[in-house]
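Open the model in your viewer and keep the sequence panel beside it. The tour below goes from one selection to the next.

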Amino acid sequence: MSEFRLQQLKSHIVSERRITTMSGSPSPLTTHVLNTALGVPGSNMTIKLYQQDPSTNVWHLITSGTTNSDGRCPGLITQQQFVPAVYKLYFETGQYWASMGQTSFYPYVEIVFTITDPGQRYHVALL
């Protein structure tokens, strides 16, 4: 990877403490999408956050949003909504690449994770 691309990526990685929800309070769950092929943030990508019902294993949509110009999607979930559970972040990678006239090997990416301590802060990166 070229030095220029590494510098571009590095400039977009900041402390997650600086990432806040629309209301200004820190979000307990943050995400950052980086297009490593071009060395730029993955802006304008649709992201959906789901929570799994433990009794039925059915996924329930909590929220959806679009990454900003820095590849972030602030305000995914509030501290009050963030409870111990299994969650899934769904990234619309196929649409993202199609919007740039490219094809995608992955039509979407799902990242499933378990939260046992909602008092902690968690960051999910997609590179």
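**A tour of the fold**

Mean pLDDT is 87, and 80% of the residues reach 70 or more.

Now select residues 14–23. Here pLDDT stays under 50, and the model has 19 contacts beyond four places in sequence for this stretch. Where pLDDT is low, predicted coordinates should not be read in detail. Leave this segment and move on.

Switch to a surface view. The protein exposes about 7400 Å², with 53% of that supplied by carbon and sulfur atoms. Of its 127 residues, 35% count as buried. Among contacts with a separation of 6 or more, 62% are between residues 24 or more positions apart.

**The sheet**

Return to the cartoon and select strand 1, residues 29–35. Which strands make up the open sheet, and in what order? There are 3 of them, in the order 2-1-7, and the pairing is mixed. Strand 2 (40–41) and strand 7 (122–126) are at the edges with a single partner strand each, so one side of each has no neighbour in the sheet.

Strands of a sheet pair through backbone hydrogen bonds, either parallel or antiparallel. Show Thr31 and its bridge partner in strand 7, Val124. Then show His32, which stands opposite Ala125 in strand 7.

Turn to the other side of strand 1. Its pairing with strand 2 is antiparallel, over 2 bridges, and Asn35 stands opposite Val40. The hairpin of these two strands has 4 residues between them, and there Gly39 takes a positive phi near 75 degrees.

Is strand 1 buried or exposed? 7 of its 7 residues are buried, so the strand is largely enclosed by the rest of the structure. In a regular strand the side chains alternate between the two faces of the sheet. Display the side chains of strand 1 to check both faces: Leu29, Thr31, Val33 and Asn35 are buried on one side, and Thr30, His32 and Leu34 are buried on the other.

**The aromatic rings**

Next, show the rings of Phe, Tyr and Trp. How many aromatic pairs are there? The count comes to 6. A pair of aromatic rings is described by the distance of the centres and the angle of the planes.

Select Phe82 and Tyr87. Their ring centres are 5.5 Å apart and their planes stand at 35 degrees, so this pair is tilted. Both residues are buried: Phe82 has a relative accessible area of 2%, and Tyr87 is at 0%.

Compare Tyr96 and Trp97. Their centres lie 5.2 Å apart with planes at 80 degrees, so this pair is edge-to-face. Tyr96 is buried, at 5% relative accessible area, whereas Trp97 is partly exposed, at 22%.

For the last stop, select Tyr50 and Lys88. Lys88 lies over the face of Tyr50, at 4.9 Å from the ring centre.

Key:
Residues numbered from 1 in each chain as written. Heavy atoms only, no water. Pairing = 2+ DSSP bridges. Buried < 20%, exposed > 50% of the residue type's maximum accessible area, 1.4 Å probe, protein only. Contact = heavy atoms within 4.5 Å. Areas by Shrake-Rupley, 256 points an atom, 1.4 Å probe, with all protein chains shown as cover. pLDDT = per-residue confidence, 0-100. Phe/Tyr/Trp six-rings, centres within 6.5 Å; stacked < 30°, edge-to-face > 60°. Lys NZ or Arg CZ within 6 Å of the ring centre and 35° of its normal.
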